[in-house]
Structure formats: structure tokens, C-alpha cells
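Q: Hi! Could you walk me through this one while I have it open?

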Amino acid sequence: MTSTTSSITQLLKTHFGYDSFKPNQEAIINDVLSGKDTLAIMPTGGGKSLCYQLPALAKEGTALVISPLIALMKDQVDALRANGITAAYYNSSQPEEEQQHVLQQLTKGELSLFYVAPESLPNLRHTISTITLNLIAVDEAHCISAWGHDFRPAYTKLGSLKQEFPQIPIIALTATADKATQDDISKQLNISHAKKHLASFDRQNLFLDVRPGQSRIKQILKFLGPRGAQSGIIYCLSRKSTEKLAQKLKQAGYKAKAYHAGLSPEDRANIQEDFVNDTTPIIVATIAFGMGIDKSNVRWVIHYNMPKNIEGYYQEIGRAGRDGLKAHTLLFYSYADVIQLRRFTEGTATEEFQLAKLERMQHYAEALSCRRKALLNYFGEHLTKDCGYCDVCQNPPKYVDGTVIAQKVCSAVARVKEQEGVTMIVDVLRGAKNAQVFDKGYQHIKTYGAINNVSWNDLQQYIIQLINLGVLEVYFHENGRLVLTPLAKAILFEGQNIQLAHTEDVKALKDAKTTK
Ligand code: ADP
Ligand code: ZN
């Protein structure tokens, strides 16, 4: 069968019952069908599965789908079978007869899709090499990266698939991958040349709000007002604070319940159910709450404590406003939380990445420019306009022309060959006379001392603004080195201007916020 538009639209209709594609699906499917390796980044609910399920049906043979969760495999296979598609899964938890039966179906060429856990794959390599494969799909592909949040060692073995099956297109899919993890996925799967499809992560109906974390309970009570009757979630770091806060809210007359891993499974199921059917509108929870809950009318999400990284934050605010109607998200930012989160990372194997991600979260919370821009930049998506629907857009600091500062910073980044992080760039621009600078001979580059009339902290602040604005990108997995984006090149070479919040105003703004 050819991959013409009409034939894939036909398959969409006959096998899945849909009339049209969701954003990016068609382009991804066409790439896969034309044999290209593909990286598909799409938010949850974006319709990733169809991107390999449909090509699997359009071509002769079987699609190999690598999936990390047994529950997920089972759901998918059940749904496919309900649509009359022959699919099966294989994993270590199945009885042996069942495994044998599935392998028989596989070798007889009876399966359109074959789902397998990454751990089971090594044992099946021989069998798989004897069948007609039409594509390989790696679902939840961020599990391959130690920089992602769900690292699965068995995923790293998938790198050899490309060598073993060089002619078979690989499609890697994920909903959560910052720019650095996206690059790492392609590299590790040996599909660096893969065509990347980045669906928008922008949830325009979510208001993004960040406030200083003083007198949080008072602020929450004020925020709730009539909102307290609508569904909302408050995320806290500790079990104790969920209990305490839920208690306070109840005293104030709200229907609220605490939810955390210390409760019995029955209690948790009951609380979840009461939330879903609107009996208990407010849940005060640790991060464990909300996974797999499909509730469309959550009208607000509060982060009582700062999340440890932007992925987590994005997922949690994403539980609000699924119905597309407006919803408010509010993050309380306090330095005490940063210190505590830092402590959690101490001594862990990925301490360095976690700290770098935490720092990006902090940059977001301290952003002086459109929050949505800062948020989406993190995922490698660049908004050209400010959103008008975040706290900064609605209450902006005073901006001044920051073009010259930006040019000097970008020039310094270029002259150290994009090998240095924020601290070194500040030192170089301020003409610091320390060993780190001299050891690398940076006193000889042209931008050394080019900004010697701005304090260390102010210059650092400007650079953070440039990161949030998407002028610079942080490669946090490579010692946080700064890299120029296309926007930086426009500022350096194409006369693009840029506005930055003036540091004096920044200080005034911060003081005003903390005394509120
Ligand atoms: P993801 O894995 O990206 O979270 P899914 O593949 O589970 O998303 O799809 C989310 C939902 O969207 C599913 O219910 C799926 O059936 C539905 N869906 C997928 N593609 C389409 C489409 N083209 N039109 C309508 N619904 C779709
Ligand atoms: Zn904005």
C-alpha cells in the first residue's frame, strides 16, 4: 500500500474511527512510512500511539513496540483488539504458555503489532530477526536518558537496534523531554539524523502565576474565595504539610482532603474517587496524586512548594483545565524550598543533573519576562510573542533596551566556544582576574572586561533573563555550558533588539514582592 494521504486517512477512519488527524500525526506517519527515523515529542493526550499504530497497519509485516509498563502494554493491546487489529504483548510476568502462544503468532506473521518490555528484548532478538519487521517504536523514549526523569537501564540496550536492523525505521516517542534529553534520546538510539517533530506544549488556557512563598496559608485562603468550591489540587513536598494544610482549609470551611503515600490503598482510592466525582473539590497532595486521573474540570493547581524540576511542574499544572476552559496555576517560590530540594539530591547518582534542573526551575520562578516563553523554551519550543496570560505579562517590570548587553554576552559565549557556564561568562565579561579565567587564557579574548560597570549579581541576573527569553540555552548535562540559539544569532548578526528588565527595577520589584 502506498502512503498517500487518502490511504492513511482511509486507515484512520476504518481502523480507528477518526475523521481527521491531531496536530503532527499526519506528518509523523508520513515520515515513518517513507522509512525515516523519527523523534516525536508530544504532550500527554496528543495521540502518540496512533503515530506508530497506523503505519504498522499500512505496511506488510509486524511493528515492534518497546514499552516500559506492563499496564500500558495491556491497555494498548486491548484497545487495538477492540478495533479488530491483531496485537499482542510479551513480558516476564506472563505465564509461559501465554508467552509461547504469542511467539508462535509472531513467527507466523499473524501480528500487526508486537509489544515487548525492554528487559525481555535481549531474549527475543533471534526470533525477531526471523520475522518481517516494518517499524520499531520506542515508547516513553525518555527512559533511555539518564537526564530524563524515569531512567530505565534496559532502555540503553536499545542503541544496538539501529545496527541490527538498519533498514527498519525507528520512531521514538515521548511526552516529557527537555531539549537536552531530546538530543540524548536520538544519540543513544543511534538516530541522530532523525526527523524531529515537536508538537506544541503550550496550554494557552492555563494562567501561569508565581508568587513569593510568604504567609502561604493566608495567600491560599485569599486565592480560594469562591474558587474553593471548584476542583483544585494543592501540591506539597511533605506528608505532614498536606495534613496540616488540609486541616486549615477544613477549619476555614472548605471541603479538602490530604492525599499521600502514607495512606492505605483503600483510603487513597476513596479520596481519588471523591475528587473525580466532585464530592471533595480540594485535594492537598504530595506529588503522587494525579497520575492516571482523567478529570477535565480541575480549575486550579497550587504548588505550595516549588517542584524539583520543570518537567514535574509542567505535568502537575497540566492536570488543570483539561476541558480547555480557563484554569489558574499558582506557584509559591521560596528560597527555603530550594535549599531543601538541594538536600534531597545530595549523594544521589545524578546529583549534578538534578541540581542543574532545579536551577532551571528556580530561573523560571524568578523570571522577569513572560513565563510561558520561559517554560516552553525549556522544551525547545520558542514563542515569538509574549503570552499576555501570565503574572509577568500582566504586571511587567520596567524594561530597557538590553541589546548591547545581550550582544556582549552572546559574543563572550561565542568566543569561549560555547564551552562555559554562567559563572565563567560573568567573570570573563567583568574582567575577573582569577585562576579559572587565566588558566584558560580567557583574558586574551576580545570580550574580556567588556561589561565592567555592572555588578556580578546584576550581570548574572541579565544572563538568566537571556536564558528565560530563549537567547541562550543551558546544556545542563555538559556542566551547564551556555549555547547560542538562533535568537542569539539574530541579536549578534541581524540587528534584532531585545528588552531586558533593568536591574534597579528588578531589585525594587523583588523587594515589593517580598513585603507584600
Ligand atoms: P498519548 O500517548 O500521546 O498520551 P494517546 O495515543 O493515548 O495519547 O491518545 C490520546 C487519545 O486521543 C486517545 O483516546 C486516542 O484514541 C485519541 N486520538 C488519537 N488520535 C486521534 C485522532 N486523530 N482523532 C481523535 N482522537 C484521537
Ligand atoms: Zn506571559
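Q: Which residues of H15 are buried?
A: In this predicted model, the buried ones in H15 are Arg371, Arg372, Lys373, Ala374, Leu375, Leu376, Asn377 and Tyr378. Buried means that 20 or more other C-beta atoms, placed from the backbone, lie within 10 Å of a residue's own. Helices here are DSSP runs of H or I with at least four residues, strands are E runs of at least two, and both are numbered from the N terminus.

Q: And what covers the buried residues of H15?
A: The cover includes strand S8 (206–212) and helices H12 (310–317), H14 (351–365), H16 (391–394) and H20 (456–468). Contact is C-beta atoms, placed from the backbone, within 7 Å.

Q: What follows H15?
A: Gly380, with a positive phi near 85°.

Q: Switching to the sheet, what's the strand order?
A: S3-S4-S2-S5-S6-S1-S7, an open sheet of 7 strands with parallel pairing. Pairing takes at least two DSSP bridges between two strands. Strands S3 (87–90) and S7 (195–198) are the edges, each pairing on one side only.

Q: How many bridges join S1 to S6?
A: 4 bridges link S1 (residues 38–41) and S6 (residues 170–174), and Ile41 has Thr174 in S6 as its bridge partner.

Q: Last one: which residues are around ligand 1?
A: Among them are Tyr18, Phe21, Lys22, Gln25, Lys48 and Ser49, with C-beta atoms, placed from the backbone, within 6 Å of the ligand.

Q: And the numbering and cut-offs?
A: Residues count from 1 along each chain as its sequence is written, while chains are lettered from A and ligands numbered from 1 in the order written. As a predicted model, local features need pLDDT of at least 70 and side-chain atom pairs 80 or more, while totals for chains, interfaces and linings use all residues.

Technical notes. A residue is buried if 20 or more other C-beta atoms lie within 10 Å of its own, exposed if 12 or fewer, and partly exposed in between; C-beta atoms are placed from the backbone. Two residues are in contact if their C-beta atoms, placed from the backbone, lie within 7 Å.
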